[in-house]
Structures are given as C-alpha cells and as structure tokens.
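Me: I have just opened this one and would like to go through it slowly. Could you walk me through it as I ask?

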Amino acid sequence: MSNNKKFDDIFKQLVKENIYSKLKILNFKKESNLFYCDLSDFRQILSIQKSQWNSSDSIKFTMNICFYNLHFYQEIHNEPAPEKPKEHHGFTRLRSGSLTHGADYWYEINNSVEINQIGNELGDDMVNKIIPFFKENDT
C-alpha cells in the first residue's frame, strides 16, 4: 500500500473517530469533509481543509468554522442564498487553530508522527475547545 493511500485511510479514520463522532452528538450532519448543524435561523459549519501541498509523505489539514444565516446572506449579497451553504458563505469565519492553539494550526499525518498522538490531540481539541465554542454560539 502506498503512503498516500495509507495516510488517506488514516485521515478518514481520524475524522470519523475524533471529529464526526463528537459533532454527531450536537446533531451535526456530514457531507464529505463538511459538517453542519441547522438551528432555528442559522447554520453552524465545520469544514476540513487539506493542504494544497500534501504529498505521498505527508497529509496536513486544518478546520474552518463558520456561522451562516440565510437572511443575512441574502441581505448582504442581494441574491438568493445557496441551497447548500458551505463554509465560505458564512458571515463569521475562523480557523479552529485560533481556538485550540491561539494561532493558525495544521494537523499532520506522516511516518514520524504517532497516529494515536494526533487522534488524542484532535479529540482533545474538539472536546475542550471546538464543541464548547459551538455550544456557546448556538442561538
């Protein structure tokens, strides 16, 4: 198995076990690497962004968080709202690293990093920073 395939399988497993499993509790739904929760007037979104510089030796990824409001979008853009809003349609956007590490932060999967270490870090970041942030901003 090539490193690229192996790393991609590890990435998918990390997302499933450490991101989606935590967001699912808050009623988030999943579409590829985008997770969303529709609340009364707005949508909470978390999207996973892979680095454009990924290679067969390494996969780097970060998470983007946003809040989207249908009425706000239509008012600002003077156009119909997208049927399936994505992270870039949001009115408030931030990188997860600003919550978890105080600055932009990319997780990295490669041969020199223990996968359990990445999973633990990702799980801790979700439970201690990202989930509370979504809970604080659910109205």
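Me: Let's start with R43, then: which backbone oxygen lies 3.4 Å from a polar atom of its side chain?

Reply: That is the backbone oxygen of P85, which lies 3.4 Å from a polar atom of the R43 side chain. A polar contact here is a pair of N or O atoms within 3.5 Å; within protein, one must be able to donate a hydrogen and the other to accept it, and residues adjacent in sequence count only if both atoms are side-chain atoms.

Me: Before we go on, what kind of model is this?

Reply: This is a predicted model, in which local features need pLDDT of at least 70 and side-chain atom pairs count only at pLDDT 80 or more, while totals for chains, interfaces and linings use all residues. Residues are numbered from 1 along each chain as its sequence is written, and side-chain values use heavy atoms, with hydrogens and water left out.

Me: Back to R43: where is it found, and is it buried or exposed?

Reply: R43 is found in strand 3, strands being DSSP runs of E with at least two residues and helices runs of H or I with at least four, both numbered from the N terminus. R43 counts as buried because its relative accessibility is 11%, where buried means under 20% relative accessible area, exposed over 50% and partly exposed in between (1.4 Å probe, protein chains only).

Me: Which residue forms a salt bridge with R43?

Reply: R43 forms a salt bridge with D38, and their closest N and O atoms are 2.6 Å apart; the term means a side-chain nitrogen of Lys or Arg within 4 Å of a carboxyl oxygen of Asp or Glu. D38 counts as partly exposed, at 48% relative accessibility.

Me: And what else is R43 in contact with?

Reply: Leaving aside neighbours within four places in sequence, the residues in contact with R43 include Y36, C66, Y68 and K84, contact meaning heavy atoms within 4.5 Å.

Me: How many salt bridges are there by that rule?

Reply: The count comes to six. One of the pairs is E87 with R93, whose side chains meet at 2.8 Å, N to O; E87 counts as buried at 11% relative accessibility, whereas R93 counts as partly exposed at 47%. Salt bridges that share partners also join D8, K12 and K50 into one network.

Me: How far apart are the closest N and O atoms of D8 and K12?

Reply: They are 3.5 Å apart, and both residues lie in helix 1 (residues 3-24), four residues apart, about one turn of the helix. In general, an α-helix has 3.6 residues a turn, so residues three or four places apart point the same way.

Me: Switching topic, which residues have the most contacts inside the largest nonpolar core?

Reply: They are I19, L23, L46, I48, M63 and I109, in a core of 28 residues; a nonpolar core is a set of buried Ala, Val, Leu, Ile, Met, Phe, Trp, Tyr and Cys residues joined through side-chain atoms within 4.5 Å. Among the elements that each supply at least two residues of this core are helix 1, strand 3 (42-50), strand 4 (58-69) and helix 4 (115-136). A second, separate core of seven residues includes L34, Y36, C66 and Y68.

Me: What does L46 touch, then?

Reply: Leaving aside neighbours within four places in sequence, L46 is in contact with residues including I19, L23, M63, I130 and F134.

Me: What about N110: where is it found, and what does its side chain reach?

Reply: N110 is found in strand 6 (residues 107-110) and counts as buried, with 12% relative accessibility. Its side chain reaches the backbone nitrogen of S112 at 2.8 Å, and a polar contact of 3.1 Å joins the side chains of N110 and E108.

Me: Which residue caps the N-terminal end of helix 2?

Reply: N69 caps that end of helix 2 (residues 70-77), with a side-chain oxygen 2.9 Å from the backbone nitrogen of H71.

Me: And what follows helix 2?

Reply: Helix 2 is followed by N78, whose phi is positive, near 50 degrees. N78 lies in the loop between helix 2 and strand 5 and counts as exposed, at 71% relative accessibility. For background, most residues other than glycine have a negative phi.
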